[in-house]
Structures are given as structure tokens and as C-alpha cells.
Protein chains: 2
Amino acid sequence: MKQTDVLVIGGSATGLVAAMTAKSNYPDKKVMVIRKEEKVMIPCGIPYIFSSVQTSDNNILPDGGLVNLGVEILVDEVLSVDTKTKTCKIKNSEDVVFDKLILGTGSLPVVPKWLKGTELENVFTIPKNKVYLDEFHDKLKDFKRIVVVGAGFIGVEVSDELNKAGKEVTLVEILPNVLGATFDQEFAKEAQTLLIERGINVMTGCGIEAILGTSKVEKIKLNNGVELEADAVILSLGYRPNSDLAKDMGLVLNEYGFISADQYRRTSVKDIYAAGDCAEKRDFATGKISRIMLASTACTEARTAGLNLYELNTHSAFRGTVGIYSTCIGDTAFGVAGLIESAATSEGFKVVTGSFTGINRHPGKIADAHKETVKLIVSKQTGVILGGEVLGGKSAGELTNVMGVIIQNHMTVHDLLMTQIGTQPLLTASPAGYPLIKAAEVVLKSLNK
Amino acid sequence: MKQTDVLVIGGSATGLVAAMTAKSNYPDKKVMVIRKEEKVMIPCGIPYIFSSVQTSDNNILPDGGLVNLGVEILVDEVLSVDTKTKTCKIKNSEDVVFDKLILGTGSLPVVPKWLKGTELENVFTIPKNKVYLDEFHDKLKDFKRIVVVGAGFIGVEVSDELNKAGKEVTLVEILPNVLGATFDQEFAKEAQTLLIERGINVMTGCGIEAILGTSKVEKIKLNNGVELEADAVILSLGYRPNSDLAKDMGLVLNEYGFISADQYRRTSVKDIYAAGDCAEKRDFATGKISRIMLASTACTEARTAGLNLYELNTHSAFRGTVGIYSTCIGDTAFGVAGLIESAATSEGFKVVTGSFTGINRHPGKIADAHKETVKLIVSKQTGVILGGEVLGGKSAGELTNVMGVIIQNHMTVHDLLMTQIGTQPLLTASPAGYPLIKAAEVVLKSLNK
């Protein structure tokens with residue numbers, strides 16, 4: 001029997017940040033992480049192991065931060081947790097008794113039960129599992145035609161990487177556009193055009209009916225009757241919270257299977273916290289249960305849990321999930337923060353939007369200049385900025401974070417118009433034509449009508 | 001005699017944005033801009049005409065925005081303004097009678113009176129004047145050795161560009177480091193090292209005593225006795241407000257020569273506004289008179305003036321100047337927002353700082369990965385973030401704006417630690433190692449001690 005003060009289950013972004021925060025914040029406490037994987041994948045980096053960084057070994061979440069702080073790492077599998085005796089049973093090691101427990105068990109790829117053929121050889125998902133991914137990577141050389149099902153971020157990024165690796169990629173999506181759940185149509189369409197230009201066969205507006213084959217996958221049948229030949233199929237249909245352990249422990253789960261957790265990330269059982277993909281989240285704008293899963297949000301939640309273990313800290317409450325995403329296709333980055341227009345409208349907000357297209361350098365003759373478009377989604381009633389979308393060069397990734405901070409401060413479009421920004425010819429748009437501000441001007445004009 | 005409702009004097013960033021805002025906000029009013037220059041330089045782009053964009057013709061502030069809105073442009077010189085009759089006398093055109101006047105007369109390069117030899121041929125400054133700059137540009141081919149005096153942003157950027165254009169450049173600075181007034185030492189030193197690596201002869205800690213020569217400049221004498229041979233000298237010793245016209249009009253100026261102006265950018269005389277480099281500013285953190293001049297801040301001020309012409313708009317008050325700067329040397333960008341450590345301390349704040357160095361991509365094996373360092377300057381008493389500095393790849397330009405928005409929202413380091421950011425392998429640092437957040441963690445540790 002082993003003892004620790006703080007036990008963290010899960011070794012990905014959540015577990016890492018939770019353990020580091022706990023140990024930094026309570027240096028006298030013993031902190032231990034149990035995880036299944038010998039080597040942990042950087043979750044968002046997974047699509048890039050297929051071409052850009054070549055191998056999963058170039059995508060490892062380093063242990064240095066944990067080790068240097070004095071966090072103990074145990075690579076093993078948790079069998080069960082007794083919440084009364086605060087004891088964790090482990091497959092190949094002695095039991096661990098803890099005082100506080102943080103669950104960061106993450107998420108697993110969705111494989112729909114109704115879908116036939118998912119058991120066939122060469123049907124894959126994208127889990128955060130190095131061994132699985134390495135096997136898939138090894139097999140890639142045998143595949144020519146690959147069908148990716150689901151054009152969310154993972155589907156789009158994996159498709160683009162496999163295309164770069166020389167595969168014939170078909171990307172199938174049931175929505176009218178790729179990235180259609182996270183971007184308004186005008187941005188999603190630009191992403192789609194880029195993917196097509198890069199040689200990916202994009203088929204939108206069609207679902208899948210079955211995966212066909214005898215032992216190996218041979219074809220995929222779409223709901224419009226089309227059959228596509230395929231050497232391999234990748235299902236990127238989203239992720240579900242990995243909450244089976246929590247369920248077995250008797251923790252309350254919500255209707256989507258997330259572990260219920262409050263603003264301090266406390267679950268229904270005292271001294272047990274949950275953070276990241278496995279934990280319940282509420283939307284920042286509405287307080288409704290949210291199903292968004294993001295490594296960056298997971299890190300904030302993990303920090304929240306770690307800062308509130310032994311005493312609640314009113315400074316450190318998690319105020320709800322803001323979806324902040326970005327991706328990059330070729331030289332073009334796409335970013336979104338908060339609610340897109342379609343989501344805001346369907347939630348019941350009356351919104352005014354404003355878009356502006358400029359250039360991300362000034363003058364535009366600077367060598368690496370790129371078109372930059374910003375769209376703002378603003379509450380008509382209050383002027384509060386609910387969301388923003390951007391398309392631009394690579395700096396659009398950080399520009400997305402500018403919008404994220406704006407939204408998290410409940411700034412109005414008036415506040416934004418009074419906000420000073422820094423501009424530089426080689427780095428940003430011009431001060432007089434900064435698309436974020438110009439989009440706010442467009443919104444103001446509509447609000448004043 | 002001509003009549004307009006709104007008259008804007010000055011055609012650079014301030015004049016452009018003020019006129020566009022006024023016309024957008026009050027579409028029924030006649031708006032007119034008077035400016036001296038036929039073609040207006042993009043102010044921040046000026047250093048780049050010497051190499052990156054080759055000619056001043058590639059650095060023109062376009063008139064399209066004004067023209068499309070229906071703003072009248074008059075290229076001429078204002079001789080005087082009678083504030084009682086609201087009449088503007090113009091060199092080559094009939095008088096203009098106005099209802100509201102916005103002064104955006106900008107700034108002029110400082111040429112110290114005590115400095116001998118500034119009248120010599122081939123001693124230059126960097127004004128926002130295309131004709132002057134074109135003459136200088138034409139002469140460049142005759143120069144081999146150029147001494148740039150003053151290593152603020154303009155001095156650094158011009159030196160780097162002239163070096164790229166094949167000149168032998170010596171950059172002289174009286175402070176211990178280049179950019180020493182705007183960056184704390186650790187960042188300034190990195191900038192200096194980069195300039196030296198790129199072949200610029202950097203001489204810091206020495207002032208200039210005189211510029212020597214008979215008709216043309218021949219040498220520059222430093223206050224340490226060293227004499228440098230020079231075919232040309234560029235003085236980049238800062239700018240002073242161009243407020244002579246305002247003075248003649250009887251407007252109140254402050255002790256540094258800026259036109260006194262309130263939060264709505266109203267001067268001491270009714271219906272007359274001032275914005276941009278010529279207008280008085282107060283520091284965001286302290287309310288003290290500030291001497292910072294920035295095109296991006298000028299644009300915010302110009303918007304403020306334009307939004308408050310006929311009715312004060314409480315949403316649109318200018319709350320003080322936040323210095324937000326960035327620049328780029330080679331592939332390395334440097335940015336700063338708010339108060340640096342030395343400035344905050346000398347103002348009387350007790351501060352805690354935190355720095356973190358990571359990588360601006362994740363995993364670090366992504367091809368264009370660049371070191372990224374963030375330093376935060378935080379009030380020890382309240383945890384309010386007063387300033388931030390960053391060094392990184394080109395996206396550090398927008399990361400500077402993330403810090404700018406944080407500061408302008410009076411966010412505390414606790415707020416920042418609860419803030420969600422968006423991360424993507426090809427675009428940003430990792431969620432678990434995002435330097436801005438990690439720097440906040442370092443600060444928190446000190447605050448908790």
C-alpha cells in the first residue's frame with residue numbers, strides 16, 4: 001500500500017497541468033500521476049505525425065516538467081477507485097491511498113454502433129494512443145486510397161497530412177461544408193476550397209451508410225448511393241468522454257456522459273475533482289451544458305482543479321467554456337473564438353455581424369503578406385461581442401486569442417473600438433486597416449441604424 | 001469661401017481615420033481633409049522603403065477609403081485658422097469655413113539645437129514626407145558608410161534595412177542597449193545581439209558630440225572621443241508634436257508641446273479636436289502626461305474624435321495611452337505592451353515579474369518553430385497585469401495584442417490563469433506550455449510566497 005496526497009489519473013494535457021499546478025501550489029504535498037501510456041502524445045499534434053513531423057516520436061509530451069517538480073509518475077492501469085477508503089487499485093502495482101483525486105481520463109473516439117463494418121481490418125480512429133497510432137502509421141505504406149469520414153478539425157488536419165504524404169484522400173462530411181460545425185459558411189467554404197486545391201477529394205452533404213469488405217475494408221457506401229473504393233477508412237466522428245471509471249466509482253455523470261463538476265471542478269464526491277475532456281463543462285455565453293473538448297480548455301480546467309484542492313480560491317473559478325479553435329491549411333490559418341453566427345442565432349441571441357477583409361502586413365507589398373478576414377458576432381441588444389472568426393496568415397492563430405480574451409472580458413464593440421492595438425509592417429495589419437477593428441466599425445454602423 | 005461641416009487637418013493615419021469615422025458616423029455631414037502631401041506615407045512602413053518594399057511608392061496610404069465614403073480631399077497647406085469665425089486660410093485655395101475641426105498634424109523628427117553639424121549635407125532625419133524620403137533614397141547609392149544615431153524602433157528598423165541594402169551601418173545609442181527605452185534589458189540585449197549578428201556595428205552607451213565636415217558630413221564625433229567616418233548620418237532621436245498651427249490658433253499646449261485634449265479629444269477651444277501624435281495623451285496606468293507616439297494609438301484617438309463630434313458618446317472615451325509596440329529583426333519579433341519592469345518600478349509600483357521561455361509551435365519539431373519568451377510585469381499589491389514583453393516568431397506581433405487587451409481590461413494574473421486560449425500545432429505554443437500562461441504561473445508563485 002502506497003500513500004500520496006494528490007493522485008492524478010491520466011497523463012495527457014489535463015493530467016500534466018493538474019499535477020504540475022498541484023505540486024507548484026502545494027509544494028509540501030506528495031503528488032502522483034498514474035497513466036496508461038509509457039510515452040504520451042501531444043494531443044493536438046497527432047495529425048502531424050503522418051507528414052509534418054514524420055513520426056509519433058517527434059510528438060511526445062515531455063515528462064521534464066513533472067519530474068523536475070518532484071511529481072511521481074506511475075505507468076500502469078487503474079482498475080478501480082474506492083471513494084470511501086480513498087484507495088485506488090492498480091493492475092500491476094500496489095494500491096495507492098490518496099487524500100485528493102483529480103480525474104483527467106480524457107476522451108475516446110466515437111465509433112457509431114449503427115455503422116456496419118467498423119470491425120473490418122483497416123478501419124481506424126485517431127485515439128491519443130501512441131501504440132495504436134504507430135501501428136496505423138506502419139501500415140500506411142500499404143494504403144493508396146484513404147477515406148476520412150468526418151471533416152471536423154481532426155478529419156481536416158489528418159486528410160491534409162495524408163495528402164501531403166502522397167495518399168489519395170477522400171474526405172466525407174455530412175454537413176454542407178468541412179468544419180461546418182465550428183465556422184460560419186463563408187469561412188468553412190474557404191477552407192474547403194483550399195483542401196480541394198491541395199488535391200483532396202472533398203464530398204460534403206453526404207453521410208455514410210456502411211463500410212464494406214470481407215475481412216479488410218474494400219469500400220465505403222455513402223447515403224447517396226455512391227460507393228468509394230478504399231484501402232483504409234479513418235473515422236473522425238468526434239470524441240466521447242472517457243468516464244467509465246468515474247461511473248464505476250459512483251460519480252454523477254451528465255446526460256452526455258461527462259463527469260459532473262462545478263466551477264472549481266469538484267465532482268459529486270468530496271475530494272474528487274474532474275478536469276478536461278472527461279469533465280462536464282458549461283458554455284461561457286449561456287451556461288448550458290457544452291460538449292466542446294479542447295486541450296487548451298482542459299489545461300485551464302486542470303489548473304482550476306490544482307489551485308482549489310485544499311482551499312477554495314475565489315480567484316480561480318472556471319467560468320465556462322469558450323470554444324477557441326484554430327487550424328492551418330497550407331499558408332492559411334483559420335480561427336474562431338466564442339459563438340459563430342449560426343450558433344448564436346440558434347441559441348436565441350439577436351446578433352449583428354460585421355466582416356472586414358484586409359491584409360496582415362502593411363504595406364501590402366511586404367513579401368509574406370496574406371489576406372486577413374475578421375468577422376465579429378455581436379449581441380444586438382447590448383453590443384457584447386459573442387464570437388469572432390478569422391482567416392489569415394499564421395499569425396491568425398494568436399489573433400484568435402486576441403478575440404478570445406475580448407470575449408472572456410465581456411467586451412462590447414464600443415470597448416473594442418476604444419482598444420489600442422499594436423501594429424508593425426512585418427507582423428500585423430495596418431493600424432488604419434486592422435481587420436478586427438474595421439469589423440467592429442461595420443458592426444457599429446449596423447447597431448446605430 | 002468654401003463650407004464644410006467637419007474639417008480634418010492632416011492626412012496621415014490620424015486624419016484618415018478621423019475623417020472616415022466622422023463620415024461613417026455622420027453620413028449627412030460634409031467632411032473634408034486638408035493635407036500637404038499629394039501621396040501619404042504609411043508611417044510605420046517608412047523604414048521598409050529602403051530594402052523590403054524597395055520604394056516609397058510601395059508604401060502609400062490609399063485614398064480609397066476616404067473617396068468611397070465621399071470625403072473631400074484637398075492637397076494644400078493650411079496657413080492659419082481663426083477659431084472665432086471658424087475659418088481656415090489655405091495657401092493656394094479659397095478659405096474653408098467649418099463647424100467642427102480635427103487637428104491631426106502629427107509629429108516632426110527631433111533635431112537637437114545643441115548638436116553641431118546638423119545643417120551639413122547628408123545629415124538626414126526620417127520625417128513622414130515622401131518627397132524628402134525619395135530624395136534621400138536616391139542619394140543612398142552614393143553612400144557606403146552610414147551612421148544612424150538613436151536606437152529606438154525607427155533607428156533599429158532603418159539600420160536593419162540599410163544593412164540589408166548593402167550599406168555599412170553603425171548604430172549609435174546613448175542607452176546601454178538598443179530599444180533600451182521600450183524593453184527591459186533581457187529583451188533589448190537579444191535584439192542587440194541579433195543586429196550585431198546581421199552585420200550592424202552597434203555602439204551603445206555613447207552619445208554624440210558633433211557631426212563634423214565642411215559642406216558634407218565627413219565624421220561623427222562621439223562623447224567617448226571616438227570619431228566615426230560617415231558618408232551620411234541619420235538622426236533618429238525621436239519626434240516632437242507638430243503643434244505650431246495649434247499654438248498660433250491659441251489652443252492650450254502642455255509642457256511638452258502637445259495640444260491639450262480631454263478623453264473625448266476636445267481641445268481648450270469649443271468644436272476643435274486634436275488626435276494622434278500632436279495631441280496630449282495620458283498614461284493608461286498612471287494618468288500622467290505621456291509622450292508616447294504610436295500610429296495605432298493615433299487611430300484610436302482619431303476614432304474617438306470622430307465618434308464624439310456632435311454628441312458625446314460615453315462608450316467612446318479615450319482612457320489613456322497604452323504603449324503597444326512590436327518590431328521584427330530577421331525572423332525574430334519583439335513586442336511590448338504597457339509598462340516594462342523598469343518603468344513600472346520607477347513610477348512607484350511594487351511589481352512581481354515572471355518570465356517563461358517555450359516554443360511557438362507544438363511539437364517543437366514543426367519546421368518553422370521559434371523560441372518564444374514572455375515576461376509579465378504585475379502589481380504586487382493587486383495582481384493587476386501592468387505590462388508584458390514577448391520575443392518570438394512573427395506571430396509574437398499578435399501575441400503582443402493579446403497582452404494589450406489583457407492590460408486594457410485591468411486583468412489580474414489570476415484572471416489570466418483562468419483565461420482560455422486557443423492553441424494549434426502549426427500556429428501557437430502548446431496549451432500546456434503556452435509562455436504567456438506559464439509566465440503568469442511564475443508570477444503567481446511569487447505572489448503566494
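## Sheet of chain A

In strand 6 of chain A, A:I90 is the bridge partner of A:V78. This pair belongs to a predicted model. Strand 5 of chain A and strand 6 (residues 87–90) of chain A run antiparallel and are joined by 4 bridges.

The open sheet of chain A holds 4 strands in the order 1-7-6-5, with mixed pairing. Strand 1 (2–3) and strand 5 (78–82) of chain A each have a single partner strand and stand at the edges, so one side of each is left without a neighbour in the sheet. Strands of a sheet pair through backbone hydrogen bonds, either parallel or antiparallel.

## Hairpins of chain B

In chain B, strand 5 (residues 78–82) and strand 6 (residues 87–90) run antiparallel and are joined by 4 bridges. B:T87 in strand 6 of chain B has B:D82 opposite. The hairpin of these two strands has 4 residues between them, and B:K86 takes a positive phi near 50 degrees there.

Strand 6 of chain B also pairs with strand 7 (residues 96–97) of chain B, in the antiparallel sense and over 2 bridges. In that pairing, B:V97 in strand 7 of chain B stands opposite B:T87. The hairpin that joins strand 6 of chain B to strand 7 of chain B passes through 5 residues.

## Helix 3 of chain B

Which residues of helix 3 (residues 130–139) of chain B are buried? They are B:K130, B:L133 and B:F136. The three cover an arc of only 125 degrees around the axis, which puts them on the same side of helix 3 of chain B. An α-helix has 3.6 residues a turn, so residues three or four places apart point the same way.

Strand 10 (123–125) of chain B is included in what covers the buried residues of this helix. B:E135 and B:D138, on the other side of helix 3 of chain B, are exposed.

The domain assignment divides chain A into domain 1 (2–107 + 240–316), domain 2 (123–237) and domain 3 (332–448). Between domain 1 of chain A and domain 3 of chain A, the C-alpha centres lie 34 Å apart.

A:D271 sits in the loop between helix 6 (244–249) and strand 19 (272–274) of chain A. Is A:D271 buried or partly exposed? A:D271 has 16 other C-beta atoms within 10 Å, which means that this residue is partly exposed. Leaving aside residues up to four places away in sequence, A:D271 touches A:D99, A:K100 and A:L101. From A:D271 to A:I102 the separation is 169 residues in sequence and 8.5 Å in space, C-alpha to C-alpha.

## Contact between the chains

Chain A and chain B meet in a contact that takes 67 residues from chain A and 67 residues from chain B. Elements of chain A that each supply at least two residues of the side touching chain B include helix 1 (13–25), helix 7 (295–307), strand 22 (324–329), strand 23 (332–338) and helix 11 (435–448). Helix 9 of chain A gives the most to that side, with 10 residues. By residue class, the side of chain A that touches chain B has 30 nonpolar, 30 polar and 7 charged residues.

Definitions and conventions: Residues numbered from 1 in each chain as written. Chains lettered and ligands numbered in written order. Predicted model: local features only at pLDDT ≥ 70, side-chain atom pairs only at ≥ 80, totals over all residues. Pairing = 2+ DSSP bridges. Buried ≥ 20, exposed ≤ 12 C-beta atoms within 10 Å, placed from the backbone. Arc of directions from axis to C-beta. Contact = placed C-beta atoms within 7 Å. Domains from an automatic or database assignment. Nonpolar A, V, L, I, M, F, W, Y, C, P; charged D, E, K, R; others polar.
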